[in-house]
Amino acid sequence: MATSKGRSKAVLRFFIAHGLAYPIAIAWAFGSIPALVIGIASRVGTSLEDADIAHRVLVAVAWPTGAAFLLAHLGGILWGFAGDEVRAKRRFFTGMAVLGGVPVVLGGASWIWLMTR
């Protein structure tokens, strides 16, 4: 990847990953809320003020959201500097599909479960 064209490809692939990282991170943020609400409520109960519970949930949501954001960027970096371009592209898009699909399916199911309780 010492050539200018190779660097351009690596940068373009990183920007693709960067563009995909936002919707993936948002999916993880929304998808993780029900599990985090139940976890925090079971730990501290419902005796706290609503603002305190909301603050704890928002702080907890930052972890899966940030991790998904970083993993999406890491996938772009690995794709950008890979030797086997076809294999790396397939791995990148498979990884992005899994990284985006897990919170949609599991998060959607947990929201349904939470709202129908």
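The model is predicted. Buried residues account for 27% of the 117 residues.

Now the fold. The chain holds three helices and zero strands. From the N terminus on, the order is α-α-α. The radius of gyration is 18 Å, well over the 13 Å that the globule rule gives for 117 residues, so the chain is more spread out than a compact globule. Along the principal axes, the C-alpha atoms fill a box of roughly 60 × 25 × 20 Å.

Next, the contacts. Take those between residues at least 6 apart in sequence: 78% of them join residues at least 24 apart.

In soluble globular proteins, nonpolar side chains tend to be buried together. Here the largest nonpolar core has 11 residues: Ala-17, Ala-21, Ile-24, Ala-68, Ala-72, Trp-79, Ala-82, Ala-88, Phe-92, Met-96 and Leu-99. Helices α1 (4-44), α2 (50-80) and α3 (85-115) each give two or more residues to this core. The most come from α3, which gives four.

Phe-92 is one of the core residues. Leave aside its neighbours within four places in sequence, and Phe-92 is in contact with Ile-16, Ala-17, Leu-20, Ala-72, Gly-75, Gly-76 and Trp-79. Among these partners, Ala-17, Ala-72 and Trp-79 also belong to the core.

Last, the charges. The chain carries 11 positive and 5 negative charges. Their mean positions lie 18 Å apart.

Note on methods. Residues numbered from 1 in each chain as written. Predicted model: local features only at pLDDT ≥ 70, side-chain atom pairs only at ≥ 80, totals over all residues. Heavy atoms only, no water. Rg over C-alpha atoms; globule rule 2.2 N^0.38 Å. Buried < 20%, exposed > 50% of the residue type's maximum accessible area, 1.4 Å probe, protein only. Contact = heavy atoms within 4.5 Å. Lys, Arg positive; Asp, Glu negative; His and termini not counted. Charge placed at Lys NZ, Arg CZ, Asp CG, Glu CD. Core = buried A, V, L, I, M, F, W, Y, C linked by side-chain atoms within 4.5 Å.
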